[in-house]
Amino acid sequence: VTRGGASGQPTARFVFEGFLPVPKRDRRERLAFLQNETRTMIFYEAPHKLRGTLDDLAAAFGADRSVSLCRELTKLHEEIKKTTLGEAVAFYKDNDPRGEYVLVLAGADLAAVEQAAAPTLEEAVAAARAAFPAWAAKSPQERAALLLKVADLIDENAARLAMVETLDNGKPIRETTLVDVPLSSDHFRYFAGCLRAEEGSAVMIDENTMSIVLHEPIGVVGQIIPWNFPLLMGAWKIAPALAAGNTLVIKSSSTTPLSLFELGKLLNQVLPAGVVNIVSGRGARTGQAMLDHPGFDKLAFTGSTEVGYSVAEAAAKRLIPSTLELGGKSANIIFDDAQLDKAIEGAQIGILFNQGQVCCAGSRIFVQEGIYDKFVGELTEAFKKIKVGDPTDMSTQMGAQINERQLSKILGCVEEGVS
């Protein structure tokens with residue numbers, strides 16, 4: 001969030017796109033500029049500098065446009081005020097003498113992302129192949145040191161990465177701040193440590209024969225990650241591949257591509273060109289193109305079991321290894337002698353963490369008959385206390401579903417259960 005450009009003019013920061021000044025020219029040009037900008041806009045400026053911009057915003061989008069007012073994004077514990085654009089204009093004019101509030105113009109697109117076609121994928125694979133010899137030749141100490149630098153950069157940019165993940169995915173900022181981001185940096189540190197501790201082996205089969213086992217990089221790895229933990233899944237895929245001396249092409253989910261791109265910006269500060277290549281696009285197009293591409297030495301996929309079959313088949317046809325992390329259907333089983341408070345806490349975490357969008361979510365509960373009524377009653381009361389709301393509010397425990405289709409599916413299940 002910026003307090004203004006070099007010229008002192010009000011500045012809009014378009015999320016994920018850096019800084020872009022609002023034109024200083026006549027009002028007609030300003031209106032045209034704002035109307036054509038569909039990405040989510042966050043303004044942070046003193047009211048006397050923002051007044052003209054807010055008036056133009058109200059004219060461009062309508063005074064009844066929904067917006068959010070909150071404190072600085074670094075002060076995520078502050079309450080967010082929901083209002084309309086017209087009311088926000090009045091608020092800025094009458095209040096906020098120090099310009100502490102952030103105006104979030106909600107309901108707009110976050111970003112436009114390319115759907116990578118065959119030429120883009122070809123370029124990415126070629127870059128990874130070209131970078132492989134030099135990266136594989138680096139000593140374990142060198143690779144470990146670079147992984148540690150990546151981890152430090154993630155920590156240094158933790159607030160931004162957490163907010164990007166929350167805005168893109170809908171999960172609460174408390175989860176991205178306390179779970180997704182710190183676990184991502186920890187993963188790079190973990191594999192930096194594994195790399196230094198990894199050893200081969202030598203075995204004397206008899207007095208004339210020695211068997212030597214060396215661990216060598218496999219080559220260029222093609223990786224596909226899902227939408228439920230974009231940043232963390234990216235770290236899970238990237239860190240071990242880099243530690244082993246491989247280069248890679250990784251595809252984000254078309255639903256949540258932004259945090260992986262943000263991670264890519266940090267990787268670019270540390271890694272040689274071509275070592276990590278990020279592409280975006282739908283699975284049916286970009287994902288399938290990766291499965292069909294002959295330039296990969298290994299495939300890695302996290303997602304549905306249905307697509308996992310296709311990944312395994314593609315790898316088998318080329319006799320290359322594949323790593324699959326697929327969905328499941330997990331149950332909580334509660335017996336009469338269970339410690340009820342812990343069982344209820346576990347049931348809540350199992351289905352509410354990340355809005356239940358986890359491959360190992362506790363999506364079923366089997367309760368022994370003797371405590372069934374008591375358990376259901378106490379679980380119902382516990383669920384009523386969960387705060388559902390704005391994902392950017394640090395006190396929110398359950399945020400938004402990934403998209404309207406998923407929400408409709410869940411509501412359908414609820415209706416079926418009630419009926």
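**Figure 1. Overview of the predicted model.** Residues 24 or more positions apart account for 72% of the contacts in the protein with a separation of 6 or more. Contact here means heavy atoms within 4.5 Å. This is a predicted model, in which local features need pLDDT of at least 70 and side-chain atom pairs count only at pLDDT 80 or more, while totals for chains, interfaces and linings use all residues. Residues are numbered from 1 along each chain as its sequence is written, and side-chain values use heavy atoms, with hydrogens and water left out. The protein has 14 helices and 15 strands. Both are DSSP runs, numbered from the N terminus: helices are H or I with at least four residues, strands are E with at least two. Of the 419 residues, 46% count as buried. Buried means under 20% relative accessible area, exposed means over 50%, and partly exposed lies in between (1.4 Å probe, protein chains only). The protein exposes about 21200 Å². Carbon and sulfur atoms supply 54% of that area. Accessible areas come from the Shrake-Rupley method with a 1.4 Å probe; for residues, only the protein chains shown count as cover.

**Figure 2. Asn 277 in strand β11.** The strand spans residues 276–279 and holds Asn 277. Asn 277 is buried, at 11% relative accessible area. What does Asn 277 contact, leaving aside its neighbours within four places in sequence? Its partners are Ala 124, Ala 127, Ala 128, Leu 248, Val 249 and Ile 250.

**Figure 3. Leu 232 in helix α8.** Helix α8 covers residues 230–243 and includes Leu 232. The relative accessibility of Leu 232 is 5%, so this residue counts as buried. Leu 232 touches Asp 180, Leu 183 and Ser 184, not counting residues up to four places away in sequence. Ser 259 is 27 residues from Leu 232 along the chain. The C-alpha atoms of Leu 232 and Ser 259 are separated by 9.3 Å.

Figure 4. Side chains of opposite charge can pair when their charged atoms come close. The structure holds eleven salt bridges. A salt bridge is a side-chain nitrogen of Lys or Arg within 4 Å of a carboxyl oxygen of Asp or Glu. This view shows the pair Glu 262 and Lys 265, with 3.0 Å from N to O. Both residues lie in helix α9, residues 258–267. They are three residues apart, about one turn of the helix. Lys 265 is partly exposed, at 41%.

Figure 5. Glu 345 and Lys 342 form a salt bridge, with their closest N and O atoms 4.0 Å apart. Helix α12 runs over residues 340–352. Glu 345 is partly exposed, with 38% relative accessibility. Lys 342 is also partly exposed, and its relative accessible area is 49%.

Figure 6. Asp 393 forms a salt bridge with Lys 387. The closest N and O atoms of this pair are 3.4 Å apart. Asp 393 has a relative accessible area of 5% and is buried. Lys 387 has 32% and is partly exposed. Which residues are linked in a network of salt bridges? They are Asp 152, Asp 155 and Arg 189.

**Figure 7. A positive surface patch.** Arg 282, Lys 329, Arg 364, Arg 405 and Lys 409 form this patch. Patches are made of residues with over 30% relative accessible area and no salt bridge; like charges are joined within 9 Å, and nonpolar side chains (Val, Leu, Ile, Met, Phe, Trp, Tyr) within 5 Å. Lys and Arg count as positive, Asp and Glu as negative; His and the chain ends are not counted. The place of a charge is taken as NZ of Lys, CZ of Arg, CG of Asp or CD of Glu. Arg 364 lies in strand β15, residues 362–367. At 35% relative accessibility, Arg 364 is partly exposed.

**Figure 8. Two loop residues with positive phi.** Leu 319 is not a glycine, yet its phi is about 55°. This residue sits in the loop between α11 (305–318) and β13 (322–326). Leu 319 is exposed, at 79% relative accessibility. Asn 354 has a positive phi near 55° and is likewise a residue other than glycine. Its loop lies between α12 and β15. Is Asn 354 buried or exposed? Asn 354 counts as buried, because its relative accessibility is 0%.
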